[in-house]
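Q: Could we go through this model together, taking one feature at a time and beginning each time with how that feature is defined?

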Amino acid sequence: MFLVFGGSEDEISVTGYSDASFQTDRDDFRSQLGYVFTLNGGAISWKSSKQDMIADSTTEAEYIAASDAAKEAIWLRNFLSDLRVVSSVSRPIDIFCDNSGAVAQAKEPREHHKSRHVLRKYHLIREIIGRGDVRICKIPTEENVADPLTKPLARVKHEAHANSIGMQYLEAIPLVTFPVPEHVTGDVTNVVSEHRFRLVD
């Protein structure tokens, strides 16, 4: 498979997705978190790991995952700002989460009885959102492309999500046609097969 960047956007933009599977480890009852960031349809940063604390609910697990994703978004924002090629990073980076409770808690500026036992470091997401660095949004579960990072999926669904973050099979990548340079001689078959370029006279 190849990682392909493109998309239909006129402007280069970064988008994030976060997800969690509740208490997937039956030995220590920890949940699995995952997030992925794309740049015009191609993945540029991703993570899949076990959470370092035991979550009491699906909402808490999703909230922790979103918090991790928000911190990664800050790093990406600073990095891309230094490159000065992605002007859209001056605006908030959207992070999509499929859990309504986690989205609501992330936007809540005050302590809530449902989140008071969550480690303080995970509440950093509220400050990040408050500064306008990140915007957290609700997305349907079937559209959350971070889903394969937290659990096994059926092949069709897995491949659909993989395609959504720019992972494509060689056959699906369109050929790029350009003239053969004068200095190129001999058999160029290997170049064609490896890079999906078609050289024409």
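Q: Does C97 count as buried or exposed?
A: Buried means under 20% relative accessible area, exposed means over 50%, and partly exposed lies in between (1.4 Å probe, protein chains only); C97, at 0% relative accessibility, counts as buried. C137 is buried too, with a relative accessible area of 18%. This is a predicted model, in which local features need pLDDT of at least 70 and side-chain atom pairs count only at pLDDT 80 or more, while totals for chains, interfaces and linings use all residues. Residues are numbered from 1 along each chain as its sequence is written, and side-chain values use heavy atoms, with hydrogens and water left out.

Q: How many disulfides are counted?
A: A disulfide is a pair of cysteine sulfur atoms within 2.5 Å, and by this rule the count is zero.

Q: How many aromatic pairs does a search of the whole structure find?
A: Rings of Phe, Tyr and Trp (its six-membered ring) pair if their centres lie within 6.5 Å, and planes under 30 degrees apart count as stacked, over 60 as edge-to-face and the rest as tilted; the search finds three such pairs. One of them is stacked, because the rings of W75 and F79 have their centres 5.2 Å apart and their planes at 10 degrees. W75 and F79 are four residues apart in helix 1 (residues 58-83), and are therefore separated by about one helical turn; helices (H or I, at least four residues) and strands (E, at least two) are DSSP runs, numbered from the N terminus. F79 is partly exposed, with a relative accessible area of 39%.

Q: How many bridges join strand 3 to strand 4?
A: Two strands pair if DSSP finds at least two bridges between them, and here eight bridges join strand 3 (residues 32-39) to strand 4 (residues 42-50), the two running antiparallel. F37 stands opposite S45 in strand 4, and in the hairpin of these strands, with two residues between them, N40 takes a positive phi near 50 degrees.
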